[in-house]
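Here's a quick briefing to read with the structure open beside you. Take a look at the chain, then work through the points by topic.

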Amino acid sequence: MSAHIRPAVTTLPAYVPGARPARSDIAKLSSNEMPYPIQDSVLDAVTAAARCAHRYPEMTGDTLRAALAARHGLSAETIAVGNGSTALIQHLLDTVCDDGDDVVMPWRSFEAYPICVAVAGARAVTVSLTADARQDVDALVNAVTPRTRLLMVCTPNNPTSTALTAAELGELLDRVSENVVVMVDEAYLDFVTDPAVGDATTLLAEHPHLVVSRTFSKAHALAGMRVGYLMGEAGLMGAVRSVATPFGVSLPAQAAALAALEPQALAETTRRAGLVAAERDRVVAALRESGWDVPDAQGNFYWLAVGQATTALARHCTEAGILVRPFAGEGVRVSVGRPEENDRVISALASWRARA
Ligand code: PMP
């Protein structure tokens, strides 16, 4: 058989997921997951929902959308839920891009972005990060042309962990025409501790071209359940819902997300995110002490821009029982794990410097 495969598909860049550990004593710090398990109350909700899995879930997750609306002080019309925020980013691009339209994005950033853009038939216009691994708001704004349909930013940015300030977000939204959708991916916002960093949800009311992306995969510790959501103008979110796979979020996944929004579960999520952020700050301080140049980290991960030494450093970490995420020729991203795992990283990176 020789089915026609769209050229955009045959030329897609690869999405290389974080490696999976071969042994249980290996610290898996390669996928920015939480080092804590699913909460008991959430697991109970998942188990109960699985008993009803002979039935379809709600098609567009209306109960979950109502709960999210209450949490963010929005109306349910302004929310779309999907099987992970990656799927929703794809749906958003499929909603707004015609063939050949431009999508402006920072680079390096989340590696799914250029893949989703290509699948949508659009063209990624990448804007380099600054020398200190931050997104360059001025250059991003200047890259917008009449062909631009969407501009995306990621804060904190995967993999550099640097975040945009409230002032930078405001500037971006003010300077980009309302004909262009501005998508702000806040997958890691729960780990932010710098008070200058912005929360784009506070800007939704004044900026109809803003779409904010969030996920249950990170602070909520539900990466395996696959639930994310977008918030934006009601008409646009309605269009995204009509593009999304019908019944795309499974019954147990909807139940998990709903249970995770209960006040007690939310309080525990906030407590855990605080512990992870404190561990991040401890590790980054220790690494800087031993001579590493680490950009300001606001997510549950930190970035080591070692360039050509990336593959060798990743191998060194593997030999020390730590799985990290290498980006060949650029650097290594390390997720924050449990304290003993982080101690292992500190000592492995100190020994790398000692022998380098
Ligand atoms: N956005 C960013 C910036 C990410 O790093 C990730 C996960 N690696 C996602 C979105 C995707 O999250 P989800 O599990 O919701 O698809």
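In which loop does P159 lie? P159 sits in the loop between β5 and α7. Keep in mind while you browse that this is a predicted model.

**Overall build**
- You're looking at a chain with 12 helices and 12 strands.
- Its radius of gyration is 20 Å, close to the 21 Å that the globule rule gives for 356 residues, so the chain is as compact as a globular protein of that length.
- Along the principal axes, the C-alpha atoms fill a box of roughly 55 × 55 × 50 Å.
- Buried residues make up 47% of the 356 in the chain.
- If you take the contacts with a separation of 6 or more, 72% of them link residues 24 or more positions apart.

**What the UniProt record marks**
- An unreviewed UniProt entry annotates residues 25-349 as "domain: Aminotransferase class I/classII large".

**Around K218**
- To find K218, go to the loop between β7 (210-215) and β8 (228-231).
- Why does K218 count as buried? Because K218 has 27 C-beta neighbours inside 10 Å, and 20 or more is enough to be called buried.
- Leaving out residues up to four places away in sequence, K218 touches N32, M34, A187, Y188, D190 and N300.

**Where α4 meets α8**
- Helix α4 (residues 85-96) packs against helix α8 (residues 234-243) with the axes 9 Å apart and an angle of about 110 degrees.
- Angles of 65 to 115 degrees count as roughly perpendicular, and α4 and α8 are therefore roughly perpendicular to each other.
- On the α4 side the contact uses L88, H91, L92, D94 and T95, while α8 brings A239, V240 and V243.
- The residues of this contact between α4 and α8 split into 5 nonpolar, 2 polar and 1 charged.

**The covered helix α9**
- Helix α9 (residues 251-260) is mostly covered, with 10 of its 10 residues buried.
- Among the buried residues of α9 are L251, P252, Q254 and L258, along with several alanines such as A253 and A260.
- The cover over the buried residues of α9 includes α2 (40-50), α3 (62-72) and α10 (263-289).

- Most residues other than glycine have a negative phi, and most peptide bonds are trans.
- T155 and P156 are joined by a cis peptide bond, with omega about -5 degrees.
- P156 is in the loop between β5 (148-154) and α7 (166-175).
- The bond from N158 to P159 is cis too, with omega near 15 degrees.
- A133 isn't a glycine, yet its phi is positive, near 65 degrees.
- You'll find A133 in the loop between β4 (123-128) and α6 (137-142), and A133 is buried, with 20 other C-beta atoms within 10 Å.
- F247 has a positive phi as well, near 55 degrees, and its place is the loop between α8 and α9.
- Is F247 buried or partly exposed? With 15 C-beta neighbours inside 10 Å, F247 counts as partly exposed.

Definitions and conventions:
Residues numbered from 1 in each chain as written. Predicted model: local features only at pLDDT ≥ 70, side-chain atom pairs only at ≥ 80, totals over all residues. Helix = DSSP H or I, 4+ residues; strand = E, 2+ residues; numbered from the N terminus. Rg over C-alpha atoms; globule rule 2.2 N^0.38 Å. Buried ≥ 20, exposed ≤ 12 C-beta atoms within 10 Å, placed from the backbone. Contact = placed C-beta atoms within 7 Å. Axes fitted to C-alpha atoms, helices over the stretch in contact; angles between N-to-C directions. Parallel < 35°, antiparallel > 145°, perpendicular 65-115°, else oblique. Nonpolar A, V, L, I, M, F, W, Y, C, P; charged D, E, K, R; others polar. UniProt positions renumbered as here; feature names shortened; annotations may be inferred.
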